[in-house]
Amino acid sequence: MGPLSSFSVVSLFLLSVSLFFGVCLPARTAPAEKQTQTITIGVEEINARWGDQFQRLIDAELGKEVTGFAELKKYLNRFGYIRPIPGTNFTDVFDDRLVSAVRKYQSNFGLPVTGRLDSHTISSINTPRCGVSDTPSAGPLHTTRRYQFFQGQPRWTRSTLTYSFSPTNSIDYLDPSDVQNAFRRAFSRWAAVIPVTFMETPYYLSADIKIGFYRGDHGDGEPFDGVLGVLAHAFSPENGRFHLDAAETWALDLGTEKSKSAIDLESVATHEIGHVLGLAHTPVKEAIMYASLSPRIKKVDLTVDDVNGAQFLYGSNPNFNRSSLAASDTSNASVYTVAVGRILLGLLMLILVRAT
Ligand SMILES: [Zn+2]
Ligand SMILES: [Zn+2]
C-alpha cells in the first residue's frame, strides 16, 4: 500500500463521512416537526373517568358477571355500538350482544377483531375521545377500512364558510390571539386540500361555524363530562356547531403546558373541523379523523385517508399537491434512507480497504 493510496482511502473516508452527515442527517431531522409527538402515559394516568372501572374487565370470560359490564355497555351505547333491549337495563353479564358490540368497536378502531376484552381494547376504550358517535358498519367486518361520512353524506353547498368564536363561552387562561392562530392553522390544512375557503368573522350569530367552550349540559343533548373522557364534539353539515369541553386543560404548546392531562387544542380543532365538513370517524389510527386522542399528543397533519374523505365530498383544491402529503405520511422513509446510507458506506469502505 503506497502513501498515495492510503491518502485516497482517508480522503474517501472523510468525503463519505461528510456526505453521510451532509445528506442523510437533514433527511432525518427535516420532518421532525411533522412527526406525531409520542409520550407513553399509563392507562391509569390517562383517564380517571373510565379507567378504573373498565380495567378489571380485561380478559373476562364470556358469561361471567362482573361489576363494570353494565357501565361498559352504557359506554358502547353512548357511541353507537349496542342498544338496550326495550324495557330492560344493561346487566353486568358479558353476554353475546356485548361480544358483538366489542367486535364492532374493534373493527372501528383498527384493532384485531376478536370480541375479547384484551388489554389493547380496554386501553383504547380508556383513551379520551371525541363525543361524536361512531358509525359501526352493518356489513361484514372485513370491508375496506377507510374514511366514513355521516348518514346521507351531508356537505356544505357554499365554498366560503365563515367561523367565529363565542364571545361568552371562552376560556380565560389562553391568549385569544393564540387560540385564533391555532384555529387558523387547523382550518388552513383542510382548505389546502379542498376548494373551500374559511374566513374568521367577528359576527358570531351569523357565522356558519360557531366555536365555543362549554361545561357539562349545555343545551344540545350532548353534555360534556368534565376532565378527559369526551373532549369535544361538532355537528354534521350544514349545522356548524363546534363545541369544546371547557373542563379540559387545553394546551397551545405542550412544551410549556406540563399537565399530564393536557389536550392539544390544535389537534382537536383539526379533527372537529373534519366533522363540520361532513367526515365521520375512520378506523385508520394515524388519521386525523380517528376518534380518540391521548393527552399530550400533537396530531395535526392530514393523512391520505383524511384527504380522500374530504375530496370525495368536495373535490380537490386545484393547488393541492399530493406529493407533499406522501412526504408527511411516510416519516419512516427518512430513517430508511439513513439505514441504506450506512450500509452503502460500509460496503464502500470494505471495497476500498480490500483494494488497497
Ligand atoms: Zn370526532
Ligand atoms: Zn355541544
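How many bridges join β1 to β3, and do they run parallel or antiparallel? The answer is 3 bridges, and the two strands run parallel.

## The model

This is a predicted model, in which local features need pLDDT of at least 70, side-chain atom pairs count only at pLDDT 80 or more, and totals for chains, interfaces and linings use all residues. Residues are numbered from 1 along each chain as its sequence is written, while chains are lettered from A and ligands numbered from 1 in the order in which they are written.

The protein chain has 11 helices and 7 strands. Both are DSSP runs numbered from the N terminus: helices are H or I with at least four residues, strands are E with at least two. Of the chain's 356 residues, 32% count as buried. A residue is buried if 20 or more other C-beta atoms lie within 10 Å of its own, exposed if 12 or fewer, and partly exposed in between; C-beta atoms are placed from the backbone.

## The sheet

An open sheet is formed by 5 strands, in the order β2-β1-β3-β5-β4. Its pairing is mixed. Strands pair if DSSP finds at least two bridges between them. β2 (197–200) and β4 stand at the edges with a single partner strand each, so one side of each has no neighbour in the sheet. From one strand to the next, the twist averages 20 degrees. Axes here are lines fitted to C-alpha atoms, for helices over the stretch in contact, and angles run from 0 to 180 degrees between N-to-C directions.

Look at β1 and β2: they run parallel, joined by 4 bridges. Tyr163 stands opposite Glu200 in β2. Tyr163 also stands opposite Ile209 in β3. β4 and β5 run antiparallel, with 3 bridges. There, His233 stands opposite His243 in β5. β1, α7 and β2 make a right-handed β-α-β unit. Right-handed means that, with the strands pointing away from the viewer, the path from the first strand over the helix to the second runs clockwise.

## The cores

The largest nonpolar core has 48 residues. Such a core is a set of buried Ala, Val, Leu, Ile, Met, Phe, Trp, Tyr and Cys residues joined through C-beta atoms within 7 Å. Among those with the most contacts inside it are Phe187, Trp190 and Val268. Elements that give two or more residues to this core include β1 (160–165), α7 (176–191), α8 (265–277) and α9 (304–314). A second, separate core of 17 residues includes Phe54, Tyr81, Leu117 and Ile125.

## Helix α8 and Ser267

α8 lies across β3, β4 and β5, at about 25 degrees to β4. Ser267 lies in this helix. Is Ser267 buried or exposed? Ser267 is buried, because 23 other C-beta atoms lie within 10 Å. Ser267 touches Leu293, Ile297, Lys298, Lys299 and Val300, not counting residues up to four places away in sequence. Contact means that C-beta atoms, placed from the backbone, lie within 7 Å. Ser267 and Lys299 are 32 residues apart in sequence, yet 5.2 Å apart in space, C-alpha to C-alpha.

## Helix α5

Helix α5 (residues 96–108) has 13 residues. It reaches 19 Å from its first C-alpha to its last, close to the 18 Å expected. That expected span is 1.5 Å times one less than the number of residues. Leu98, Ala101 and Val102 are among its buried residues. Their cover includes α4 (69–78) and α6 (119–126). Just after α5, Gly110 takes a positive phi of about 65 degrees.

Methods. Two residues are in contact if their C-beta atoms, placed from the backbone, lie within 7 Å.
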